[in-house]
Amino acid sequence: MTLLTAAETYLQDFHQRQVGVTSAAFAHLPASSPAETWTSSYDVLTSLVPAVDTPLSVLDLACGDGHLLGLLAARRQPQLQLLGVDMSMAELAVARAALPPSVRLQQGRAQALDVPSASVDYLVSHMALMLMDDILQVVQGIRRVLRPGGQFAAILGRTFLLGEVNDVFMRVFKPIASDALPPMRFGDRRTGSEAGWRELLDGAFAQLTFDDIDVPWSPTPGQLWAALLDTYDIDRLDDDARQRLRSAFLDAVAYLKNADGVIVTGWGLRLVRARAA
Ligand SMILES: C[S@@+](CC[C@H](N)C(=O)[O-])C[C@H]1O[C@@H](n2cnc3c(N)ncnc32)[C@H](O)[C@@H]1O
């Protein structure tokens, strides 16, 4: 059995304690690009899967609690075969309870996909690939399981928070992190830029496209802090550092509240698409 990396061990533990936090954060917020709007960032990916009567297989890589697969299953598209892979047993247990039995779920690492070659028409992934070590191995696995001409589509982080609050957050977070955040590297830097993705997908994929997707959100400072508590770096702080960050953050963002008492912000995401060559 493959040993987990330090980051994977942490992620396993986090997702054991905090099941379903990604869908809780993103499922109910509309998403938009300059050209289009969607009901959520999950819908950005599901809308790429055509509603057809012919057989179609979709793999959701790092499917978490199965929210995206649930949207596809709700279509009741008779020949749509759905498969989710995730390394977290806790997330998969929630997915299993929520999804119809026809949706297959598999525990495993994206670096070692136990899926037949050339068996998948659409491989989608929401907010996960930027966390993964050995990303080249992951990309090779994605190419292997896709049929030639199959579509790869992933939503990833682009910025953290939208707007001025991002700079304010970074200003208060950095000194506390440099003092109290244990070092840990998540994923591969190349997943954070278009140039990086071009390098990763070069040769085995064609028709690369990139779209900026924004998920606008106007929370109260307290709601924003509650959402930040579910992010990995804040989770990794000890209680004392987290309390220091909380009061520094709430003080620092107070001037950004508008007349309704909320901060206009959101999450900055990127959609990466490519066809298996
Ligand atoms: C931020 S969550 C996103 C979950 C889901 N895609 C969603 O958006 O609701 C990241 C997920 O990636 C999974 N994950 C991280 N690294 C993985 C790997 N190497 N192989 C398989 N799953 C992985 C975690 O277990 C977790 O469920």
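This is a predicted model: local features need pLDDT of at least 70, side-chain atom pairs count only at pLDDT 80 or more; totals for chains, interfaces and linings use all residues.
Reader: Nice! Which way do β7 and β9 pair, and over how many bridges?

Author: They pair in the antiparallel sense, over 8 bridges. Strand β9 covers residues 265–276.

Reader: And what about β6 and β7, do they run parallel or antiparallel?

Author: Those two run parallel, with 6 bridges joining β6 (residues 120–126) to β7 (residues 146–161). For a landmark to click on, Val 124 stands opposite Ala 153 in β7.

Reader: What unit do β6, α6 and β7 make?

Author: A β-α-β unit, and a right-handed one.

Reader: Okay, switching to helices. How do α6 and α8 pack, angle and distance?

Author: Helix α6 is residues 135–145 and helix α8 is residues 194–201; they pack at an angle of about 60°, and their axes are 10 Å apart.

Reader: So what do you call that arrangement of α6 and α8?

Author: Oblique: angles of 65 to 115 degrees would count as roughly perpendicular and those under 35 as roughly parallel, so α6 and α8 are oblique to each other.

Reader: Is the crossing of α6 and α8 left-handed or right-handed?

Author: Right-handed, as α6 passes α8.

Reader: Great. Which residues meet there?

Author: From α6 you have Ile 135, Leu 136 and Val 139, and they meet Trp 197, Leu 200 and Leu 201 in α8.

Definitions and conventions: Residues are numbered from 1 along each chain as its sequence is written. Side-chain values use heavy atoms; hydrogens and water are left out. Axes are lines fitted to C-alpha atoms, for helices over the stretch in contact, and angles run from 0 to 180 degrees between N-to-C directions. Helices (H or I, at least four residues) and strands (E, at least two) are DSSP runs, numbered from the N terminus. Angles under 35 degrees count as roughly parallel, over 145 as roughly antiparallel, 65 to 115 as roughly perpendicular and the rest as oblique. A crossing is left-handed if the near helix is turned anticlockwise from the far one by less than a right angle, and right-handed if clockwise. Contact means heavy atoms within 4.5 Å. Two strands pair if DSSP finds at least two bridges between them. A crossover is right-handed if, with the strands pointing away from the viewer, the path from the first strand over the helix to the second runs clockwise.
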